[in-house]
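Hi everyone, thanks for making time. I'd like to walk you through a structure and talk about its rings and its core. Let me put it up on the screen.

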Amino acid sequence: QVQLVESGGGLVQPGESQTLSCAVSGSIFGVGDMGWYRQAPGKERELVAITSGGSTNYASSVKGRFTISRDNAKNTVYLQMNSLKPEDTAVYYCYADVRTARGNTIPHWGQGAQVTVSS
């Protein structure tokens, strides 16, 4: 079994910073792409940031404010969020492509972390 466990999240004021982390554990034979998505109330889940093959991509709404990074030794991905805005309020889900013993890749999701930006 594979688990993605998120930590971080909570209530912050506009302009403040917060860091989310997501650790992958279990029967892992490698981790490919890792990323973060978010879903606000009444909206569809959207990509926030992704790291793939050493490169990173961001949604235009967070570019310059959010930074994604990963620690391959720990199979952990981070999302540093600066200058948070009320519109960043959402449940944030981490994502990882996990390689199995058979060599195929299966996408896995974290349980979600609520981030609320409000004064």
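Let's start with R45, which lies over the face of Y93, at 3.8 Å from the ring centre. Keep in mind that this is a predicted model. R45 also lies over the face of W109, and there the distance to the ring centre is 4.8 Å.

So let's stay with W109 for a moment.

Now for the aromatic pairs. Searching the whole structure turns up three of them. One is Y37 with W109, an edge-to-face pair with 5.0 Å from centre to centre and 70 degrees between the planes. Y37 sits in strand β4, residues 31-39, and W109 in strand β10, residues 105-109, so this pair ties together parts that are 72 residues apart in sequence.

In soluble globular proteins, nonpolar side chains tend to be buried together. Here, the largest nonpolar core has 27 residues, and those with the most contacts inside it are L20, W36, V48, F66, L79, M81 and Y92. Which strand gives the most to this core? That would be β9, with five residues.

Let me finish with Y92. Leaving aside neighbours within four places in sequence, Y92 is in contact with residues including L20, W36, V48, F66, L79 and M81.

Methods. Residues are numbered from 1 along each chain as its sequence is written. This is a predicted model: local features need pLDDT of at least 70, side-chain atom pairs count only at pLDDT 80 or more; totals for chains, interfaces and linings use all residues. Side-chain values use heavy atoms; hydrogens and water are left out. Rings of Phe, Tyr and Trp (its six-membered ring) pair if their centres lie within 6.5 Å; planes under 30 degrees apart count as stacked, over 60 as edge-to-face and the rest as tilted. Helices (H or I, at least four residues) and strands (E, at least two) are DSSP runs, numbered from the N terminus. A charge sits over a ring if NZ of Lys or CZ of Arg is within 6 Å of the ring centre and within 35 degrees of the ring normal. A nonpolar core is a set of buried Ala, Val, Leu, Ile, Met, Phe, Trp, Tyr and Cys residues joined through side-chain atoms within 4.5 Å. Buried means under 20% relative accessible area, exposed over 50%, partly exposed in between (1.4 Å probe, protein chains only). Contact means heavy atoms within 4.5 Å.
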